[in-house]
Amino acid sequence: MVKYKFNKEELKQLLDYCIERYENTTDDKEKERLGLSILTYYNMYMIANDEKESQYEQKLVVIRKGLMNETKPFVDRSYLKFLLKLMNNIARTQWKHHEYKYASMRCLNNGLIKISKAFYYSLGDEEIYKLACKILNNPQIIHIVKYSNKTLHFKNFIGITNEDYTFKKVYMAVKKTNTILDMLTLNHEVMHGIDFYFREKIPSENYYGFQEVSAYAVNHLFIDFLKEMEISDKEIPKLKEKMLWLLLDLAQDTKIDLENNIKQEFGKKKMLSLKTSDIFKVISNDILESLIQIQAYVMAYGLYWQIKQNKESGIRNLKYFMSNIIPKNRIPDFSAIGLSPDVLLDLSKKIAIIEFDDEKKLIIK
Ligand SMILES: [Zn+2]
């Protein structure tokens, strides 16, 4: 049987090779690529060995520092205003939180791979399918392990994908929970890989924070695919709700964080009574990151609904999104794929309704 495991020796060799090149290059661009690849090999090597610390720690500190020297994302007043509106619309959504447990569902690794291929085939786009197969047919870049709380590295995720910008490859690890989540996780990670193969997005050239758009769009699409496959009716609504919570929780938590910062700086003043320039003062990097993440999640819903309404043009927009980088020196604008600020604001008000009430059909421009 095929083993979905990383080759530890190969990862170590690549890691050593890239560190040596990193230390000897004076070219900034090459240094960035190598630095990113080193972090990838390191993460994957640690996952494969289930180690917490290694001989590489000290070198890694320097490399991480080198990569962090990035400029802040471009955010002006009008964009911040838009992000806050988006957050407020979502945070306002009323939704009762159910805590679900997923039923046990064992699936062999080969089975997971097969389902993933069938899903990507069902999207009906040759290019996407080919890239999915390029990933899924290579058991050395997919590492599947049993879920455990005791895992040392890679603790907070059940799936992770890292890119190798030097040898143009992706590596992904998935923790198996023996529930329906395993299928979702694998497909999500594969989409990160497809996104990379469509066009690599080097952090110094690409606007920060939109890396989850295509992968979350795939989550939504895959949940629908499961419905068609008639896999476990009871589990599917749980997954749908999970996706919605993720967004609602993020919006509500971000709002609370922001309100706390406002209280500290301005006393009891309410967010709405403040000028955008005042709010600017209390926006931390974390909050900004979350605000952009909220936009990314709403965009994922947007692309998903586009595909549901008109598969061909929706998929075309998804591919357009993956094939282009987002310029860093201006406000990210996705009007070209039908996701202008107005459309996103409109969607943000209706998310729960569209997702859970098929009667109320939405017209997406
Ligand atoms: Zn992801």
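Tutor: Axes are lines fitted to C-alpha atoms, for helices over the stretch in contact, with angles from 0 to 180 degrees between N-to-C directions. The model is predicted, so local features need pLDDT of at least 70 and side-chain atom pairs pLDDT 80 or more, while totals for chains, interfaces and linings use all residues. Residues are numbered from 1 along each chain as its sequence is written.

Helix H7 (residues 181–198) packs with helix H8 (residues 213–229) at an angle of about 140°, and their axes are 8 Å apart (DSSP runs numbered from the N terminus: helices H or I, at least four residues; strands E, at least two). From H7, Leu-184, Asn-187, His-188, Met-191, His-192 and Asp-195 make the contact with Ser-214, Ala-215, Val-218, Asn-219 and Phe-222 of H8 (C-beta atoms, placed from the backbone, within 7 Å).

The sheet is open, with three strands in the order S1-S3-S2 and mixed pairing (strands pair if DSSP finds at least two bridges). Strands S1 (142–146) and S2 (159–164) are at the edges with a single partner strand each, so one side of each has no neighbour in the sheet. Twist from one strand to the next averages 15°. S1 pairs with strand S3 (residues 169–176) in the parallel sense over five bridges; His-143 has Ala-173 in S3 as its bridge partner. Helix H2 (residues 28–49) packs on this sheet and touches S1, S2 and S3, its direction making about 140° with that of S2.

Conventions
Two residues are in contact if their C-beta atoms, placed from the backbone, lie within 7 Å.
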